[in-house]
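Open the model in your viewer and keep the selection tool handy. We will go from one stop to the next; where shall we begin?

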Amino acid sequence: MRSLIFNIFSYSVTFIYVISCLLFSFIPGRGALMAALRRYTKVMVWGMKHIGGMNIQVLGRENIPQDGPVIIAAKHQSYGDGFVIFSQFKDLSFVTGDHLEKVWGLKRILTKMNAVIIDNCGGSDSQKKMEREAARVKREGRRLLIFPEGHLSQIGTHHKYRKGIWHLQQDFDCPVVPVANTLGQRWNQTDWKKYPGKATVEFLEPIPPGMEKDDFMNLLQDRIESRSIALLELDDLGALNPDDIGQLRENHVAEAKRLARENVDAEAEAG
C-alpha cells in the first residue's frame with residue numbers, strides 16, 4: 001500500500017511540475033525555471049521520506065568545492081538519487097541521454113535549463129557534442145552532474161564506467177566529486193515497489209585534474225563502487241540480492257557482437 005500511495009504521489013507531483021516548468025520556460029532567464037525544478041526535487045525527496053518511508057541521509061557536503069566549476073560523478077541506481085542530489089544545489093546542470101527529449105514538454109525544459117544532452121548511441125560525435133555543450137556550463141562556473149555508468153544499475157552491481165567523464169575533466173580543468181549511494185535498496189531502478197529503510201548519499205573526496213585516463217577511471221570507479229557497497233544496509237536488504245554485490249553487468253549483446261566480429265576476422269585471416 002505504501003508503494004501504491006507513493007507512486008500515485010510521484011506521478012501526480014511530476015505531472016504538475018512538468019506543466020509548471022514548461023510555463024516557466026517561457027520566462028526570460030533561467031532563474032524561475034531552476035527555482036521550480038529545485039522545489040520539485042525537494043517535494044519529491046519529502047515524499048520519499050514521509051510517504052515512501054526512506055530514511056535518507058546526505059553525507060560529505062564538505063567535500064564539494066565552494067568556488068568554480070565542479071563535476072559531480074554519481075552512482076545511479078534509481079530516479080530517487082537524481083532527486084536527492086539535485087535538491088542539494090541551487091543551480092545544477094546535468095548530462096543526460098537524448099531519450100528524455102522524446103517525453104512531451106521535456107525537450108524545451110532541458111534546453112532552457114542548459115542540460116547537456118548526448119546521443120545514447122555514443123561515439124566520437126556524442127563526445128564532441130558533450131564537450132561543446134559542457135563548455136557553456138564551465139563558462140558560468142556551475143556544477144555539472146553526470147552518471148558515469150550511463151545506465152541505471154541494479155543495486156549491488158555496476159556497469160562499465162564511460163570515459164567521457166575524463167574528457168570532461170580535461171576540458172573543465174576542475175575537481176571531480178564522486179558520489180556513492182544506496183538508494184537502490186529502497187527504490188531500485190524504475191521498480192514499482194518501494195522499500196522503507198535507511199538510504200545514504202555520500203559526496204566523497206574530490207579527484208583533482210591532471211591524472212592519466214586509466215588511472216583516473218580506476219580511481220573513480222573504485223571510490224564510488226567500494227563506498228556504495230560499504231554503505232549497504234545488510235540487516236535491512238530491501239531490493240538488494242546479496243548475491244549481486246560487486247558483480248559487473250555490462251551490455252552482453254554488444255559484447256557478443258564484438259566477439260562475433262573477431263571470430264569472423266580470424267576466420268578470414270585463416271582462410
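**Stop 1: charged pairs**

Begin by selecting Glu-233: at 22% relative accessibility, this residue counts as partly exposed. Buried means under 20% relative accessible area, exposed over 50%, and partly exposed in between (1.4 Å probe, protein chains only). Before going on, note that residues are numbered from 1 along each chain as its sequence is written, and that side-chain values use heavy atoms, with hydrogens and water left out. The model is predicted, so local features need pLDDT of at least 70 and side-chain atom pairs count only at pLDDT 80 or more, while totals for chains, interfaces and linings use all residues.

Lys-198 and Glu-233 form a salt bridge, with their closest N and O atoms 3.8 Å apart. Lys-198 belongs to strand β8 (residues 197-203) and Glu-233 to the loop between α7 and β9 (247-248), so this pair ties together parts that are 35 residues apart in sequence. The term salt bridge asks for a side-chain nitrogen of Lys or Arg within 4 Å of a carboxyl oxygen of Asp or Glu. Helices (H or I, at least four residues) and strands (E, at least two) are DSSP runs, numbered from the N terminus.

Next, select Lys-75 and Glu-225, whose side chains meet in a salt bridge of 2.9 Å, N to O. Glu-225 sits in helix α7 (residues 213-230) and Lys-75 in the loop between β2 (70-74) and α3 (79-86), so they tie together parts that are 150 residues apart in sequence. Are these two buried or exposed? Both Glu-225 and Lys-75 are buried.

**Stop 2: a strand inside**

Select β2. Five of its five residues are buried, so β2 is largely enclosed by the rest of the structure. Val-70, Ile-72 and Ala-74 point one way from β2, and Ile-71 and Ala-73 the other way. Strands pair if DSSP finds at least two bridges between them. β2 pairs in the parallel sense with strand β5 (residues 143-146) over four bridges, and Leu-145 in β5 is the bridge partner of Ile-72. Four bridges also join β2 to strand β7 (residues 176-181), again running parallel.

**Stop 3: the nonpolar core**

Which residues have the most contacts inside the largest nonpolar core? Select Met-44, Met-48, Ile-72, Ile-85, Met-113 and Leu-145 to see them; this core has 43 residues. Its largest share, nine residues, comes from helix α2 (residues 31-50). A nonpolar core is a set of buried Ala, Val, Leu, Ile, Met, Phe, Trp, Tyr and Cys residues joined through side-chain atoms within 4.5 Å.

**Stop 4: rings**

The model has seven aromatic pairs. Select Phe-6 and Trp-187: their ring centres are 5.4 Å apart and their planes at 80 degrees, so the pair is edge-to-face. Rings of Phe, Tyr and Trp (its six-membered ring) pair if their centres lie within 6.5 Å; planes under 30 degrees apart count as stacked, over 60 as edge-to-face and the rest as tilted. Phe-6 is buried, with a relative accessible area of 0%, and Trp-187 is buried at 5%.

Finish with Lys-193, whose charged end sits over the ring of Tyr-195, 5.0 Å from its centre. This requires NZ of Lys or CZ of Arg within 6 Å of the ring centre and within 35 degrees of the ring normal.
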